[in-house]
Amino acid sequence: TSVTIAKWSTGNKSYEAKWTANTNTQYKVYHQKEKLDGTYETVETETLSWTTDTKVTPSRKSYAWFTSPAGQEITIKWDGTASVTYKYARKTITLSFNTNGGSTINAISGKYGATVNKPSDPTKTGYTFGWWNTTIPSTFPASDATYTASWNVVTYTISYTLNGWTNASSNPSSYTIESNAITLAAPTRAWYTFAWWTGSNGTTAQTSVTIAKWSTGNKSYEAK
């Protein structure tokens, strides 16, 4: 590595230099996480070393709720200015809704931590919406989730205008969409024969009226 031309030497001289690459040349790795506005910020910087003029693929990190990028190969520069930037995208989260027989609510997706625009409550004939099995969060959680609706059955009234008749004790005053079919019994009245019911059964008077299962709405009937 050291050559000396001694005093009193003679003759032309020629020398060829040979180089050995440094094995500890520095390079930097920048790790950036995606922010909610879509830009990236550096959360960690590594200063590493490798052999000059050789290629290296720096390791990536694993951050919860972020997706790791593909590895990048770089060439180590002699002056230590080589670098690579790894960008970690926020995971996209999907929230799904099982309305349990109610109106459809489409799934919604967004970046982890972003604001959730909560959907309107679903509707279901014969029921009022009760609750979701788990509260829908205000921001997208760390993983996909499904929310299931619960319902409160609506109770409908059955009213009677009897005009002096005595209603049968078996005739109910209310029902729900889940009630079995209800056939109204005829009311009674001394010295009279029951003729028909009018009202919610339609424009045609009927001696026998049945409220079918899965019916909805308040009902009213008048005895004749």
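This is a predicted model: local features need pLDDT of at least 70, side-chain atom pairs count only at pLDDT 80 or more; totals for chains, interfaces and linings use all residues.
1. Residues are numbered from 1 along each chain as its sequence is written, and side-chain values use heavy atoms, with hydrogens and water left out.

2. Strand 1 (25-34) is joined by ten bridges to strand 2 (residues 40-50), and these two run antiparallel. Strands here are DSSP runs of E with at least two residues, numbered from the N terminus, and two strands pair if DSSP finds at least two bridges between them. Within this pairing, Val29 has Glu46 in strand 2 as its bridge partner. The hairpin of strand 1 and strand 2 has five residues between the strands, and there Gly38 takes a positive phi near 90 degrees.

3. Strand 1 also pairs with strand 6 (residues 83-90), in the parallel sense and over six bridges; here Tyr30 stands opposite Thr85 of strand 6.

4. Thr52 has its place in the loop between strand 2 and strand 3 (55-56). With a relative accessible area of 10%, Thr52 is buried (buried means under 20% relative accessible area, exposed over 50%, and partly exposed in between, with a 1.4 Å probe and protein chains only). The side chains of Thr52 and Thr25 are joined by a polar contact of 2.4 Å, a term for a pair of N or O atoms within 3.5 Å where, within protein, one must be able to donate a hydrogen and the other to accept it, and where residues adjacent in sequence count only if both atoms are side-chain atoms.

5. A salt bridge is a side-chain nitrogen of Lys or Arg within 4 Å of a carboxyl oxygen of Asp or Glu, and by this rule the count comes to five. One of them joins Glu34 and Lys111, with the closest N and O atoms 3.6 Å apart; Glu34 in strand 1 and Lys111 in strand 8 (residues 108-111) are 77 residues apart, so the pair links distant parts of the chain. Glu34 is buried at 9%, whereas Lys111 is partly exposed at 32%.

6. Lys61 forms salt bridges with Glu44, at 3.3 Å between the closest N and O atoms, and with Glu46, at 3.5 Å.

7. Val3, in the segment before strand 1, is exposed at 59% relative accessibility.

Methods: Helices (H or I, at least four residues) and strands (E, at least two) are DSSP runs, numbered from the N terminus.
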